[in-house]
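Hello,

Here is the structure I promised to pass on. Please open it first, then read my notes below.

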Amino acid sequence: ASILYLYEVAAVPGNIREQYLQKILKRKNAEHQKNVKLINFIYERIENGNLYDWDSAEICRKLKVSYNTYRFHKSNFLDGLRKYYFLPDKSNSNPGKTEQKNQDTELEFYDAKLKFSSGMRKEAKLIFLKLAARLRKEKLNSLNILNASEIYEHLLIYYYNQHDLLRYNRYLAETKRLVNYLGKRKIVLSKQHTSLIKARYYTAMGRKFGLNLVNDSSYTNKLNYYKQAYKEAAKAANPEYLTYVIFHIGEVFSVLGSSSVAMNYYRKGYDIAAKRKLQAVKYGFKALMISESNNKKKGSGKLVNNLAECWAQVKRYGYNSYWFQVVSILYSNCLISVDEEKRKEVNKELVNYLFLRSVPGRAIKILYADKTGERNYVKWELLRNEKGEFLSPGEVNYSFVYELENLVKYITSHYHKISSLAGKIKINLDLLF
């Protein structure tokens, strides 16, 4: 099993993993089945905290199965576990191939959006890809162009999170094609829907600059596209999308040091969210305003408590929204040198959240930062001499070093571009949508 596979399994809460195993064990002779033995191997490794020296060939020999059979059981287990965790009400349903094949586009679209919003993003992606392929064979009209825009936006978010510039550009081009179509063809579409399609395109263009080498001109271009998205989102009469764009504009101004401008945008977003009763959005902007107004101050008891309230409220109202990532990062940063145990708890929850939602690169970055912060490269020994007690480096902690090596390999293979503005960034934009 790869490091990411085991991390993804481990990210599912332990009680859920155990419930899922007990569900499987209800089958006749289940304890003797190969898939159950494999699950027990995986659970044992997670329980021991050893996710790095898994030998697939050795596991195949122990199970007495071929490598292809081993991969089949491994994939089936994770698919079933994820469905049991994210959509427990549907985990017992198993529609036949004929029924699945005959699902119409509307039902598939609904299913994909449900999966994506619940956290099953890689499963939703497969459906969105199928719908996108079907759309390319159809003539665009007033009935399918809005759906096409939403399908492409979901794929753009997914591939942005995967840091996949090639596929991101592919669906960015499809989104641009929709905008061009609006200007050339006569279709019956409301002004609000027309503006929403354009807002999605401009937002995607702004987001793209987070996939390239970041410099000052990147932020200028990003800001220009986000401002165009803001104008269209305002005309679209869609408060959820408008606040999404406002967040991005405010964050760019914050990174560039224009704190007062950022605060104005955050306050505007907060007011819209409060008026529209968008609770997660409201507490997200509240956290941003608290953080922005205290960005040069160390974490105080009042500041920590205020951000703790925002974090709790976002978990309550918008756990599956991007706001959970935003506020978790703000809260974690505030806890540095104030409450290290709580900071680790917040980061651990965020890391698991990201692994489960198919954003492994960002989870790895947080994990790596935490691990290097521990500085457990060697096992320190407490020694004494005539001057008193002192710590001395003893045996090398090879397990810890091997863990870091694996994390570095992943980061360098997927995230080879570094930011020239890293020192300026208070909230890592690359951790956000």
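A disulfide is counted here when a pair of cysteine sulfur atoms lies within 2.5 Å. A search of the whole structure finds 0 of them.

This is a predicted model: local features need pLDDT of at least 70, side-chain atom pairs count only at pLDDT 80 or more, and totals for chains, interfaces and linings use all residues. Residues are numbered from 1 along each chain as its sequence is written, and side-chain values use heavy atoms, with hydrogens and water left out.

C60 is buried (under 20% relative accessible area; exposed is over 50%, partly exposed in between; 1.4 Å probe, protein chains only), at 8%. C334 is buried too, at 9%.

7 of its 9 residues are buried, so α1 is largely enclosed by the rest of the structure. Among them are I3, Y5 and L6.

Now the aromatics. There are 28 aromatic pairs (ring centres of Phe, Tyr or the six-membered ring of Trp within 6.5 Å; planes under 30 degrees apart are stacked, over 60 edge-to-face, the rest tilted). Y67 and Y70 form a tilted pair, with centres 5.7 Å apart and planes at 40°. Both sit in helix α5, 3 residues apart, about one helical turn. Y67 is partly exposed at 47%, whereas Y70 is buried at 1%. F209 and Y225 are stacked, with centres 6.2 Å apart and planes at 25°.

Best wishes

How values were computed
Helices (H or I, at least four residues) and strands (E, at least two) are DSSP runs, numbered from the N terminus.
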